[in-house]
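Dear colleague,

Please find below the structure that I am handing over to you. I would be grateful if you could read the notes after it with the model open.

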Number of protein chains: 2
Amino acid sequence: MNPDPDYSSAYLEVETDADDGIKGVGFVFTIGRGNDVVIKAIESLSERFIGMSIEPLLDDMKTAWDMLVHDSQLRWLGPEKGVEHMAIGAMLSALWDIKAKRAGVPLWQLLAEMEPEELVATLDFRYLTDVLTPEEAVEILRRGQEGKAERMQHLLDNGYPGYSTAAGWLGYSDEKMVSLAASESTEKGFDLIKLKVGQNLEDDLRRLRLAREAIGSNVRLAVDANQVWDVDVAIDWIQQFKDFELEWVEEPTSPDDVLGHARIAQAVHPIPIATGEQMQSRILYKQYLQANAFEVMQVDATRVAGPQELIIEYLLAHKFGKRVCPHAGGVGLCEAVQHFAMFDYIAISGRTEGRYIEYVDNQHEHFVTPVEIKNGNYMPPLAPGNSCEMTLETAEKYLYAP
Amino acid sequence: MNPDPDYSSAYLEVETDADDGIKGVGFVFTIGRGNDVVIKAIESLSERFIGMSIEPLLDDMKTAWDMLVHDSQLRWLGPEKGVEHMAIGAMLSALWDIKAKRAGVPLWQLLAEMEPEELVATLDFRYLTDVLTPEEAVEILRRGQEGKAERMQHLLDNGYPGYSTAAGWLGYSDEKMVSLAASESTEKGFDLIKLKVGQNLEDDLRRLRLAREAIGSNVRLAVDANQVWDVDVAIDWIQQFKDFELEWVEEPTSPDDVLGHARIAQAVHPIPIATGEQMQSRILYKQYLQANAFEVMQVDATRVAGPQELIIEYLLAHKFGKRVCPHAGGVGLCEAVQHFAMFDYIAISGRTEGRYIEYVDNQHEHFVTPVEIKNGNYMPPLAPGNSCEMTLETAEKYLYAP
């Protein structure tokens, strides 16, 4: 489905006239064409903030959310999806970045240390109250307080599990795939390896057998179809995978098809279904959970409206007892999304079993504080902010000047 | 939900070097902010067509669809929703406009006179085959051939039913609303009147009683909540309307909430639920139909990816036995959408009972061939093309030059 990606980023810096030198940073990852459209959307949003006082916004992030997500004219272009929603996410991320930098802590820590009531007051429950109310959210976060200090220490010592997609691309020869699968697991320490599937069933089955032989039975295996199937095709195809004890089958069909995923998930049970990297909003996540349409939820840091929407998605997953294994890769998605997985571990779910952040070992050199992986685990970033700041060198070298 | 619309249009003209002087026209209606973002999206799409030969595209509109909807880089920005999808719709509309103008017929007639196989070959069934296959689509259109000539004549003589939203705005006093409701029905001949609801239940009930008194029992009454409710609130509120014999309750909650609408529709049965003006794609429509989440489907001409997606939505509605009552108003939405309702009457559903095209009596002066309403009915446009061409005067007077 993504034959010719041209990794790009619509990158935003928010400056204030405070003398602290702090810049807030946000971005939208794209795969090429249309990046200029996202930039235009960010520019057009940004105009409204010029001249505003930032402290009231930082003190009440729900106001910033409402200004953007519930702008009645902008809503028409979604509502709450696609280019405009992603641009809104970049702006809200930049504001949260300033908030964390002013507090002198990484974003995951800022979120984990906010009082439950204070955090919930930043969230929007419109269209969600049939499954999650503010009171329930406070209750979840309140229960998450217990053991928080120990989990924070555990995270600092051990990190958060990652998984590797490095071996799995369809263009790789069997030899290259096998060799990468082996080195990613045994040398680099990843506990889970993911392969791409869906072009040809015989190829898929052969590659799965080879990969399983290469990694042994202790390393887990997941596959990703990148939306290539219609519903009935997905069911037939996935059932052929039943002997491989897959950790999940990812993106079997259109991310918009809740009922399609529900049918697939039921038909191929107990093979777990995963999706999320192209899921547009919390309203769609709500329905996937209501319909029991997946086991594994794969939030993406720059698809939705920033930290507040991501937090809601984690709360929803927790309420329905589903695992969140964030999508990452691209440019900066690993840096951005790790904060939410770590916040979840400390303050919501309290666990990492069966949970992983996706990892791809490239494009990290563009960031001032790139992710740090140790023995297959993401080590928590310690620098203040959201880790999204790009280096000056990258900004100059790769700036697209039309 | 739309307190301060600033009616706008991202307007596109496609020219060729043929000496026929034909321009293809498409547009996206917006309500203000973000219109520039849609223009940017259209500009960025347009570049890819410059220098292409148009005849192969017109002969095989599926190729044009694939170039845009399945562009792997652009898909990332949706997929198939929001700004990018709407921009794609404008481009595909402009191409169909050229096709109709070259054939010398209005778009509704072009579509109605295409052979079923020829029309179906332009359509994309990806993600739909679990409910509708190309073979079924051909079969539906083949059955639609019977009596086609008579229906075309009936349409030319009598037009297609419209309904009026003129009376219903929440800002109007009771007196103004009552007076408009009466004049729209008795003088202008509209058989159905729609009021806005959802701010205050007592106000709604009083206005509904007054409107019903004003229009009598022979004129139908519908209401529109513009997405203001959460699911449970919607159920309670709508149940209070049970004595008014409403034709439908429109947009009770988020258009993205299939399962929410399904719950509402079941709970308030037999009051019919309607939605669609902000529904993003055929994949969402498919699910509403599968879940029996509405009775009335309200397609919008510039929300989805142009004529081909609209035709699929009509085919889906027909397969599930639901009525389509298109959203219109704004700027040019009446002009644009009438073609699809008329095509449906002639070639798909063969009926107009319970079906209406929304009508608002303003902004038509901007168009070269504005809609013509007679006794509450839309008279079929006879000029070649899709009726979307704006006058030179409007283009000059209202051009937004930043």
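The notes below go through the contact between the chains, the nonpolar core, the salt bridges and some single residues.

This is a predicted model, in which local features need pLDDT of at least 70 and side-chain atom pairs count only at pLDDT 80 or more, while totals for chains, interfaces and linings use all residues. Residues are numbered from 1 along each chain as its sequence is written, chains are lettered from A and ligands numbered from 1 in the order in which they are written, and side-chain values use heavy atoms, with hydrogens and water left out.

**Where the chains meet**

In the model, 63 residues of chain B are in contact (heavy atoms within 4.5 Å) with 63 residues of chain A. The area buried between chain B and chain A is about 5,400 Å², buried area being the accessible area (1.4 Å probe) that two parts lose on being put together, summed over both. Carbon and sulfur atoms give 53% of this area. B:Arg33, B:Gln73 and B:Trp76 supply 17% of the area that chain B buries against chain A, more than any other three residues.

Between the two chains there are 35 residue pairs in polar contact, both residues being at pLDDT 80 or more. A polar contact is a pair of N or O atoms within 3.5 Å; within protein, one must be able to donate a hydrogen and the other to accept it, and residues adjacent in sequence count only if both atoms are side-chain atoms. Several elements of chain B give two or more residues to the side that touches chain A, among them β2 (23-30), α5 (82-103) and α14 (282-290). Helices (H or I, at least four residues) and strands (E, at least two) are DSSP runs, numbered from the N terminus. The largest share of this side of chain B, six residues, comes from α1(B). Its residues divide into 25 nonpolar, 18 polar and 20 charged; here Ala, Val, Leu, Ile, Met, Phe, Trp, Tyr, Cys and Pro count as nonpolar, Asp, Glu, Lys and Arg as charged, and the others, Gly among them, as polar.

**The nonpolar core**

A nonpolar core is a set of buried Ala, Val, Leu, Ile, Met, Phe, Trp, Tyr and Cys residues joined through side-chain atoms within 4.5 Å. Buried means under 20% relative accessible area, exposed over 50%, and partly exposed in between (1.4 Å probe, protein chains only). Of the 266 residues in the largest nonpolar core, A:Phe241 and B:Phe241 touch the most other members. Leaving aside neighbours within four places in sequence, B:Phe241 is in contact with residues including B:Val197, B:Leu201, B:Trp229 and B:Ile271.

**Salt bridges**

A salt bridge is a side-chain nitrogen of Lys or Arg within 4 Å of a carboxyl oxygen of Asp or Glu.

Within chain B, the closest N and O atoms of the salt bridge between B:Asp130 and B:Lys286 are 3.0 Å apart. This pair links distant parts of the chain, 156 residues apart, with B:Asp130 in the loop between α7 (116-120) and α8 (134-143) and B:Lys286 in helix α14. B:Asp130 counts as buried at 18% relative accessibility, and B:Lys286 is buried with a relative accessible area of 0%.

B:Glu358 and B:Lys194 also meet in a salt bridge (3.0 Å, N to O), and both are buried. In chain A, a network of salt bridges links A:Glu13, A:Lys23, A:Asp97, A:Lys101 and A:Glu389.

A:Val360 has its place in the loop between β10 (357-359) and β11 (372-374) of chain A, and counts as buried at 13% relative accessibility. Leaving aside neighbours within four places in sequence, A:Val360 is in contact with A:Thr165, A:Gly329 and A:Cys334.

B:Ser349 lies in the loop between α16 (333-348) and β10 (357-359) of chain B; its relative accessibility is 14%, so it counts as buried. The side chain of B:Ser349 makes a polar contact with that of B:Asp344 (2.7 Å).

A:Met390 is found in the loop between β12 (377-379) and α17 (392-398) of chain A, and at 12% relative accessibility it counts as buried.

With kind regards
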